[in-house]
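Trainee: I would like a close look at a single part of this model. Please keep the account plain.

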Amino acid sequence: MGQIKVLDQNMVNMIAAGEVIERPASVVKELVENSLDAGATEINVYVEDGGIKLIHVVDNGCGMDSDDLALAFEPHATSKLKIIADLLNISTMGFRGEALASIAAIAKVAITSRCTDSIEAARIEIDCGVKNNVQPCSGDTGTTIEVRNLFYKMPARKKFLRTANTEMTHIIEQFTRIALAHTDINMNLFHNDRELYRLAAGLGVRQRIGNLFSAELAQSLLELQSTERNLKLSALLCRSQSGKANAKFQYFFLNGRFIRDKFLSAAVREAYRGLIEPDKYPIVFLFLQMPPQSFDVNVHPTKIEVRFDDSNLVYSQILALVREKLLSLDLDIQAKLPKSGQIPSSQESQDIKQSITGAMAEFFSQNRQGAAGQRNFDFSKIAQKSDSAAGQQRERFYDELQTAPVSLYLQIHDSYIITQTEDGFLIIDQHALHERIIYEDLCRRLASDIGAKLESQKLLVPESFELTDAGAQILEANKDLLQRLGIELEPFGPGIWAVQSFPSLLSGVKPVEFIIDMLDVLADSVGKIDSERLLHKILDLAACKTAVKAGQKLSHAEISKLLSDKNAIQRVSRCPHGRPTAIKFSLAELEKQFKRT
Ligand code: ADP
Ligand code: MG
């Protein structure tokens, strides 16, 4: 009986403080965020003894009048939410009205504030939840808060604080996160009277990174900007050769707020896969802007986690953008892309690079006459020139270089790819080219030895289709052909057959659909063409069905693959047939058309 008691407010605040205020760095975060919300353009943070003794934040924001000052420390007191709907549309850093109440419950706090339109300032002091009256005083526009002796009445909490140095490291981290996301604010940090950071507004995020980390890092980062659908992304990314042993140098911001998110981390990891050593973490600074309605920030007391409405979409957008940026870099990185998931060690790739540069320099000095000659650059020279020590690695490297994807291209109408050549440009029909590549590949596989057949895969569930007796006879007559293609069909009932196996290369093609079309071709050719030509007709059909279609948007990776495969088939193609895959325009032709000659 009478066991349950409603906690008094001070107790409630102390419990809330346990959630929001873990250590001095949390106080710094909450106070600086309040200054941002108040529209400050300059924020000074003075810290003593790692914040255990004093945290003192001065801003030039909108300030509070004496009525607001009296209320600001009440739990759930906030000026940032007025109606429920505001919760879906949060654009301020704070909104829960917990921070000041929590801080005042666990420390000795004094706050002086003056509104823009007021002639004098007001001051209130609170000692572990015990409030004094608001007093008028003199002071500048803006707000000054002093927080002393954190946890001094809570020995159990105080015990968990670390040395001043460690606590200061945490404060610097919080300061850094906010400073990176708010480059339009002057922000300064002092510790025990020593100036740690003086960050001027308006110099951009790269400069901030330079001041907060190092100028060298700042200069080395790649820049990425993109706006698509609901997502605006601006990012600074490390090059593939640099990385860290942990994820500490991965900064994600959503609408100006530092967040941690497993989808974003996974997208970055995936984007760098194969470009960075597997046990390294890339250094990234990702700034996302999304409409506030498309995620929920109210899932964590310190708002460090959010819940995206469509996290899969965010994941795939970030992955694609970052990956594309990294792959669009120079040949240097393209050539390093591992085929077998392994990367040459830096010494090896250094060696290889040197021999390549050497061979190229020699080539170009002998071929000064210009662009036309460059086509004949003999890559085998590289192999000859290099010693055999790193033989295999080098061969692979050289292989990649030879087929290194052309990085300059444009896809138009989702159907044609335009790419620059040494002496002009090409317009490629994406479907025709892909069809040709697949066709050549199929031919090669079947030509390699007598009786060669395509690799096939058993279907988990055989797919059935209707077949007339005449159709069944055609199948019977072309048994050998089907066998070479790796297609296995079996009677399944009266007038019904089933596909048991299907060539694995024809992924994405619906087996039954293909068989029906193939039956048409076979029926058409009875007695007209020999078996070899018939086989090629069927391979043609298979290539056509497997190839990308006109009207299909291709990713950077798909286009690069297509262009590098194109180089490969040009070297080996023996049987040109059918429609052209590309139309070539030379600079000379352009010059003629534009009457430049
Ligand atoms: P929240 O930020 O979630 O609203 P806080 O407890 O952090 O809650 O602050 C309570 C209120 O006090 C704020 O909504 C704001 O109106 C006022 N306030 C706090 N800090 C400042 C400041 N530096 N300048 C002006 N107003 C402030
Ligand atoms: Mg706040």
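Which residues are the closest to ligand 1, and how many surround ligand 1?

Mentor: This is a predicted model, in which local features need pLDDT of at least 70 and side-chain atom pairs count only at pLDDT 80 or more, while totals for chains, interfaces and linings use all residues. Residues are numbered from 1 along each chain as its sequence is written, chains are lettered from A and ligands numbered from 1 in the order in which they are written, and side-chain values use heavy atoms, with hydrogens and water left out.

Ligand 1 is surrounded by 18 residues, and the closest are Asn34, Thr78, Ser79, Lys80 and Gly97; a residue is near a molecule if one of its heavy atoms lies within 4 Å of it. By class, this shell holds 7 nonpolar, 7 polar and 4 charged residues. Here Ala, Val, Leu, Ile, Met, Phe, Trp, Tyr, Cys and Pro count as nonpolar, Asp, Glu, Lys and Arg as charged, and the others, Gly among them, as polar.

Next come the individual atom pairs. Asn34 places a polar side-chain atom 2.8 Å from an oxygen atom of ligand 1, and Asp59 has a polar side-chain atom 2.9 Å from a nitrogen atom of the ligand. At Ala99 the backbone is involved: one of its polar backbone atoms is 3.3 Å from an oxygen atom of ligand 1. A polar contact is a pair of N or O atoms within 3.5 Å. Taken alone, ligand 1 exposes 530 Å², and the protein buries 93% of that; accessible areas come from the Shrake-Rupley method with a 1.4 Å probe.

How values were computed. Polar contact = N/O pair within 3.5 Å; in protein donor to acceptor, adjacent residues only side chain to side chain.
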